[in-house]
Amino acid sequence: MSENESDADADAQSESEDVSVESLSERLDAIAEDLETAETEADLDDVESDLDAVASDLEDADLPEPEDDDEEDPAAELESRVSDLRDDLEDARGPYADEVVENIEEAKSTVADTRWTETGEPEVVDAVEAFLATDELDVDATVADIDDAGDALDDAIDAVEALALDPDEDAATIEALLEASKTLLSALDEAEEWDDLSVREQLDFHGFYDVLDHRKDYPPEWHAIKVFEREMQADKILIGLDMFESDFMQEHCMESLERLGPEEAIEPMMNLAQRRDKQAISVLGKIGSEEPVEMLLDYVDADSDPALQKVTFKALGEIGSEEAVQPLANKLAVENEIIRSRAARALGLIGDTRAVEPLADVLEDDEDDTVRASAAWALNQIGTERALDAVAAYGDDRSFLVQDEAEKAAVVEDEPETAA
């Protein structure tokens with residue numbers, strides 16, 4: 001070992017021996033006094049540096065352990081003092097102009113992201129105007145309506161940053177601006193927003209009660225839904241679906257949407273269908289858009305939920321998606337006869353000729369007559385010569401339902417072609 005290394009180790013050992021509960025406690029006492037007399041940010045920086053040094057020495061120190069459970073742990077006690085002094089140091093700092101800017105940015109986000117009522121909008125405008133009138137601000141902005149508020153607050157941020165306020169020299173100005181920004185946030189919090197209204201008040205805003213010519217139905221909202229359905233105002237029904245808190249009313253909304261099949265319901269129904277909502281899937285089938293097909297195909301193999309499969313098969317059939325032909329045809333061979341039957345009918349609704357052969361096989365070989373009847377019905381729906389021939393051959397079948405479909409196929413085949 002070199003002489004320099006030996007001296008370094010000796011110094012380290014000496015320093016370690018100097019670190020004791022008493023010495024650390026005395027240093028913390030001195031830091032507390034310095035913190036109390038600090039007047040500038042530089043003074044506080046010195047306090048923080050001394051506090052960091054004590055924390056480091058405390059971490060490395062080999063302090064005595066308490067001899068029994070009732071005795072205080074000196075290391076834990078010192079760590080607690082360090083933590084408390086750090087909190088006091090943080091409280092002593094500032095205020096800073098950055099805090100003012102953060103509050104203004106929060107106010108701007110609140111104004112932009114909140115749906116205000118007709119009462120709340122002028123309250124927001126008044127709150128922003130009052131803030132802009134703060135003596136310490138130099139902002140020349142007009143806030144005529146809610147749309148101007150965001151731009152005006154941007155101007156306020158620029159004005160604060162342009163002042164280049166020093167936390168020592170401009171403490172009073174910063175404090176005044178900070179207090180004004182807090183008042184702004186408080187005023188925005190008190191302004192009336194859409195979510196403050198009751199469901200009835202929100203519905204009233206959307207005109208739910210304007211359409212009531214009588215109160216025959218109870219609750220009156222049910223009658224409003226009937227009127228909107230009659231007038232094909234699906235957007236109003238979707239508003240009701242979103243706002244109604246009762247399962248009873250939500251069910252009536254869904255039933256109306258299923259009868260209407262409106263395109264504007266695609267997105268909300270897909271959101272519900274992603275949670276395996278069967279009624280939403282039915283509505284998607286009535287709408288007939290190809291948009292939800294990829295999602296619905298994921299449910300074709302949901303063998304653990306036959307009810308979900310049934311409603312999905314029907315929806316895919318009503319949509320008429322060619323992508324669904326093979327996945328549905330695969331279900332003609334599953335064990336559950338109800339699923340086989342539904343798959344056959346869905347293929348009939350789609351009407352794709354690729355399904356003729358697998359449906360003809362079901363008609364010939366399936367042991368369940370209900371499934372066979374569904375296959376016969378599907379072939380009649382496809383309606384090509386090959387499909388009709390496959391059904392017509394079963395005029396004397398053991399199943400009356402299959403016989404009935406065979407007779408229909410034979411009638412169609414016997415009809416003369418209409419001249420072009």
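## Two helix pairs, side by side

Helix α12 (residues 247-260) packs against helix α14 (residues 278-287) with the axes 8 Å apart and an angle of about 20° between them. Since angles under 35 degrees count as roughly parallel, α12 is therefore roughly parallel to α14. This is a predicted model, so please read the geometry with that in mind.

The crossing of α12 past α14 is left-handed. On the α12 side, the residues that meet the partner helix are E251, M254, E255, L257 and E258, and on the α14 side they are Q279, A280, S282, V283 and K286. Sorted by class, this contact has four nonpolar, two polar and four charged residues.

Now to the other pair. Helix α6 (residues 120-132) and helix α7 (residues 146-162) have axes that come within 10 Å and cross at roughly 20°. That angle makes α6 roughly parallel to α7. Here, too, a left-handed crossing is found as α6 passes α7. From α6, the contact draws on E121, V124, V125, V128, F131 and L132, while α7 supplies I146, A149, A152, L153 and A156.

What classes of residue make up the contact of α6 with α7? There are 10 nonpolar residues, no polar ones and one charged residue.

For quick reference, here is the geometry of each pair:

| Helix pair | Axes | Angle |
|---|---|---|
| α12 (residues 247-260) and α14 (residues 278-287) | 8 Å apart | about 20° |
| α6 (residues 120-132) and α7 (residues 146-162) | within 10 Å | roughly 20° |

Notes
Residues numbered from 1 in each chain as written. Predicted model: local features only at pLDDT ≥ 70, side-chain atom pairs only at ≥ 80, totals over all residues. Heavy atoms only, no water. Axes fitted to C-alpha atoms, helices over the stretch in contact; angles between N-to-C directions. Helix = DSSP H or I, 4+ residues; strand = E, 2+ residues; numbered from the N terminus. Parallel < 35°, antiparallel > 145°, perpendicular 65-115°, else oblique. Left-handed = near helix turned anticlockwise from the far one by under 90°. Contact = heavy atoms within 4.5 Å. Nonpolar A, V, L, I, M, F, W, Y, C, P; charged D, E, K, R; others polar.
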